[in-house]
Amino acid sequence: MSRQQVAKWCRSFQAGREHVENRNMEASSRPSSSRTDINTARVEEIIQRDRRVTVREIASELDLSYDNVQRIVTDELRYSKVCAHWVPRALSEEHKATRMMCSLTFLQ
């Protein structure tokens with residue numbers, strides 16, 4: 001914990017705060033309205049159409065924020081940018097089988 005955060009807590013308790021629970025728990029745990037299944041599917045469709053598309057271009061096309069599109073692409077769809085192309089992070093079964101055969105060939 002940073003020094004500033006400790007000072008902030010000390011000031012809160014000196015001012016009369018008695019509990020350590022977050023008072024704004026409802027506000028911080030509300031779901032994001034833009035990270036829906038529909039928007040996720042739309043982002044996936046755009047990436048499949050053009051693997052070289054940028055997050056900024058997707059955000060402007062779908063009228064979503066840059067941060068929300070970034071989270072959809074990286075957290076939900078699990079894509080990463082490699083040489084200006086979006087590629088899935090998880091290997092398909094075909095890719096796994098090919099890697100296994102190559103590894104066995106190298107071992108022999």
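**Close-up views of a predicted model**

**View 1. F13 is partly exposed.** Its relative accessibility is 33%. This is a predicted model, so every value here is computed from it. Buried would require under 20%, and exposed would require over 50%.

**View 2. W9 is also a partly exposed residue.** The relative accessible area of W9 is 26%.

**View 3. W9 and F13 sit in helix α1.** This helix covers residues 3-14.

**View 4. One aromatic pair is found in the structure.** The pair is formed by the rings of W9 and F13. How far apart are the ring centres of W9 and F13? They lie 5.8 Å from each other. The ring planes meet at 20 degrees. Planes under 30 degrees apart count as stacked, so the W9 and F13 pair is stacked.

**View 5. The protein chain has six helices and two strands.** In what pattern do they follow one another along the sequence? The order is α-α-α-α-α-β-β-α.

**View 6. Burial and surface of the protein chain.** The chain has 108 residues, and 19% of them are buried. Its accessible surface is about 8800 Å². Carbon and sulfur atoms account for 53% of that surface.

**View 7. Contacts across the sequence of the protein chain.** Take the contacts between residues at least 6 apart in sequence. Of these, 49% join residues at least 24 apart.

Key
Residues are numbered from 1 along each chain as its sequence is written. This is a predicted model: local features need pLDDT of at least 70, side-chain atom pairs count only at pLDDT 80 or more; totals for chains, interfaces and linings use all residues. Side-chain values use heavy atoms; hydrogens and water are left out. Helices (H or I, at least four residues) and strands (E, at least two) are DSSP runs, numbered from the N terminus. Buried means under 20% relative accessible area, exposed over 50%, partly exposed in between (1.4 Å probe, protein chains only). Contact means heavy atoms within 4.5 Å. Accessible areas come from the Shrake-Rupley method with a 1.4 Å probe; for residues, only the protein chains shown count as cover. Rings of Phe, Tyr and Trp (its six-membered ring) pair if their centres lie within 6.5 Å; planes under 30 degrees apart count as stacked, over 60 as edge-to-face and the rest as tilted.
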